[in-house]
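Please look over the model first.

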Amino acid sequence: MTNKELIIKATSVVKTRRTKNGLFGDVGCALISDKNEVYVGISADVGSNTICAERNAIGSMITDGEYKIKKIVAVWKDADGSVFVIPPCGNCRQFIREVNEENLNTEIILDINKTVLLKELLPFYNWWKKQE
Ligand SMILES: [Zn+2]
């Protein structure tokens, strides 16, 4: 699956809904697992309790017994319908890493022709300096 196809998949699940308590689904995520399964998720923001689209998609993957991610992308759609690819927040970066250490090599899609590895978005991820 190409970056473009995964971006389209993530965009397809976006469905913004506002309630008096929160904002749902303005961000969508699609990921490809190690076994080439595609999982999707949307955001849910209620007060200080936020679940990012990435962690919703990863939750579905884990429910299916998978832990390794090949590629992941999140998109945000604004009020005018424009779609933006957005990188994972700090919490999601750490979450992806801790779901499986090999996910440090997960490709994070930033554009149709641009990806970075998760470890590039986690500076000093392997900094463990023993103190004398
Ligand atoms: Zn996040």
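Strands β5 and β6 form a hairpin, with 5 residues between them. In the turn, Gly 81 has a positive phi of about 90 degrees. The two strands run antiparallel and are joined by 4 bridges; pairing requires that DSSP finds at least two bridges between two strands. Lys 77 stands opposite Val 83, a residue of β6.

This is a predicted model, in which local features need pLDDT of at least 70, side-chain atom pairs count only at pLDDT 80 or more, and totals for chains, interfaces and linings use all residues. Residues are numbered from 1 along each chain as its sequence is written.

**Overall fold.** The chain holds 3 helices and 8 strands. These are DSSP runs numbered from the N terminus: helices are H or I with at least four residues, strands are E with at least two. Their order along the sequence is α-β-β-β-β-α-β-β-α-β-β. The radius of gyration is 15 Å, close to the 14 Å of the globule rule for 132 residues, so the chain is as compact as a globular protein of that length. The radius is taken over C-alpha atoms, and the rule is 2.2 Å times the number of residues to the power 0.38. Along its principal axes, the C-alpha trace spans about 55 × 35 × 30 Å.

**Core.** Of the 132 residues, 29% count as buried, that is, with 20 or more other C-beta atoms within 10 Å of their own, C-beta atoms being placed from the backbone. The largest nonpolar core has 26 residues. Such a core is a set of buried Ala, Val, Leu, Ile, Met, Phe, Trp, Tyr and Cys residues joined through C-beta atoms within 7 Å. Ala 10, Cys 29, Leu 31, Ala 57 and Val 73 touch the most other members. The elements giving two or more residues to this core include α3 and those tabulated here.

| Element | Residues |
|---|---|
| α1 | 3–12 |
| β2 | 22–33 |
| β3 | 38–46 |
| α2 | 53–63 |
| β5 | 69–77 |
| β7 | 107–111 |

**Contacts.** Two residues are in contact if their C-beta atoms, placed from the backbone, lie within 7 Å. Beyond four places in sequence, Val 73 contacts Leu 6, Ile 7, Ala 10, Cys 29, Ala 30, Val 85 and Ile 109.

Cys 92 lies in helix α3, residues 90–99. Cys 92 counts as buried because it has 21 C-beta neighbours inside 10 Å. Its contacts beyond four places in sequence are Cys 52, Glu 54 and Arg 55. Cys 92 and Cys 52 are 40 residues apart along the chain, with their C-alpha atoms separated by 7.6 Å.

Methods: A residue is buried if 20 or more other C-beta atoms lie within 10 Å of its own, exposed if 12 or fewer, and partly exposed in between; C-beta atoms are placed from the backbone.
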